[in-house]
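Biologist: I would like to walk through this protein with you. Shall we take a look?

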Amino acid sequence: MIDFTGIARRFMAGRIKAARTWNTPDGVENAQNAILTYLIGKGRHTAYGRHIGISSCDSYRTFREKVPVTPYPDLRPWVMRMIDGEKDILWPGRCRRFAQSSGTSDGKSKYIPVTPDSLRLNHYRGAGDAVAHYLNLYPDSRMFSGKGFILGGSFSNELDLAKGVYVGDLSANLIDAINPVANLFRVPSKRTALIADWRRKVPELVKSSLRENITNISGVPSWFMTVIKEVIKTAGATTIHDVWPNLEVFFHGGISMEPYRSEYAALTDASRMRYVETYNASEGFFAIQDRRQPGSMLLIEDAGVFYEFIPLDEIDDAFPEHAVPAWEVEEGRTYALVITAANGLWRYPIGDTVRIMSVNPLRIAIAGRTKHYINAFGEEVMVYNTDAALTRACALTGASAANYTVAPVFAEGKRRGRHEWLIEWTHRPDDIEAFADILDKALQSENSDYQAKRSGGIFLDRLSIVTLPNGTFDSWLASTGKLGGQRKVPRLSNDRKVADAILALRQHS
């Protein structure tokens, strides 16, 4: 295959120049105000815009005074009108694509509108920006001398949909709507990519990629690891580079890469493998890793999304008093992320918390989910704490985990409360109890509140570990109807609903 990397680099150079104009505080403010003006102008032509009186908004100040923060349960009736075919509801025109996302507190799935404007301005632009920054960082790249392996989801059949309306994983919508020219540079075929049954899909993915010249892969680390292992096994190889010698980069997102780095190092020729983190959610493509070192991502300021940052103690307020726009965030603080975007989401809390790593340029790191944390005993443990602790414990012991979730065990009788970790191992530690000691100490070093509660064993006992048979998490996801390339196990829960459901499934298997 001809190497088109040089052509792609020149074609994408404009996005690098654009980023340089908005990666200063003044640039962020100018870019974001331009986006907000555009969004308000569009909102005036919608039923929701008329409902909230958006025509009276002429600045960020009036926008935050007039438009309430609106979680999905309040937005659901408007979205269902869009799914039923009504036009000009949350965004001008008729929307025919919806990204199915994890359920809300009422147990129902979320359907995020994927409008033509959000595809053009945000999703595809964000993906292009990730590639543009990668090519800028690595002048020796030959990424377009072969094909990309994109691991995607599928469409859903849980709704009775009108003809021409599609509901499914975001990746399914992106693959289905992509410019046909892009198919020259990617695998698998659309037919294979959209297979709904994951158990049938994996063998097809292996078959379609085994003899291709794969130079780059994109997807969720946990799911791609399963596919890579199957490719290696089928080929009778030792590492994935024995099968795909020109593989050079993994564009990953969805969950933290940290717990999986050691395993990927074992599955690849680490000297030839690069990793680029992306922040690509059903609601939008928000940030990209623009430096070689991991740990932070550049917020994309000109891609159809207006960002607000809400203090965690105000996330349930309709009009949070201390909400700030992107140009007023404070370095080092953790906020809940709220967006207004070209998909018709207006001051929508996406459920993620982010840490501000720097303000000039504005770089963030995903801290966790607003609902995925443990604060049962005042410890305020977030996902980035547990990811880092598990990574450290595995590095010290030679173990590696395929998946995990953590829940509180509440005090009973003479026993104090503790955290219970449910873990599937790729490489199980020789001594589980010794590993639990190391993990507990690592978590204390990552979170001072947990350390304080553990001090002297007065409030909390040492964490405990339950080893799960391989495939338990997949079985649980399947039982919830959420087995697929973009579905994820909740890392942390403040109650025992998820943990007890998984343990009950294990007992009956």
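Biologist: In which sense do strand β10 and β15 pair, parallel or antiparallel?

Modeller: This is a predicted model. Strand β10 covers residues 297-299. Met297 has Ile364 as its bridge partner in β15. Two bridges link β10 and β15, and the sense is antiparallel.

Biologist: How many bridges join strand β14 to β15?

Modeller: Strand β14 spans residues 348-359. A hairpin through two residues joins β14 to β15. Val354 has Ile366 in β15 as its bridge partner. The strands β14 and β15 run antiparallel, and the number of bridges is seven.

Biologist: How many of the eight residues of β15 are buried?

Modeller: Strand β15 covers residues 362-369. Buried means under 20% relative accessible area. The strand β15 is mostly covered, and its count of buried residues is six.

Biologist: Which are the edge strands of the open sheet?

Modeller: The sheet has twelve strands with mixed pairing. An edge strand pairs on one side only. The edge strands are β5 (186-187) and β12 (324-325).

Biologist: In β8, which residue is the bridge partner of Val249?

Modeller: Strands β7 (residues 249-252) and β8 (residues 274-281) pair in the parallel sense. Four bridges link β7 and β8. For Val249, the partner in β8 is Arg274.

Biologist: Which residues touch the most other members of the largest nonpolar core?

Modeller: In soluble globular proteins, nonpolar side chains tend to be buried together. The largest nonpolar core here has 65 residues. Beyond its neighbours within four places in sequence, Phe309 has contacts including Val354 and Ile356. The residues asked for are Phe286, Phe309 and Ile339.

Definitions and conventions. Residues numbered from 1 in each chain as written. Predicted model: local features only at pLDDT ≥ 70, side-chain atom pairs only at ≥ 80, totals over all residues. Heavy atoms only, no water. Core = buried A, V, L, I, M, F, W, Y, C linked by side-chain atoms within 4.5 Å. Buried < 20%, exposed > 50% of the residue type's maximum accessible area, 1.4 Å probe, protein only. Contact = heavy atoms within 4.5 Å. Pairing = 2+ DSSP bridges.
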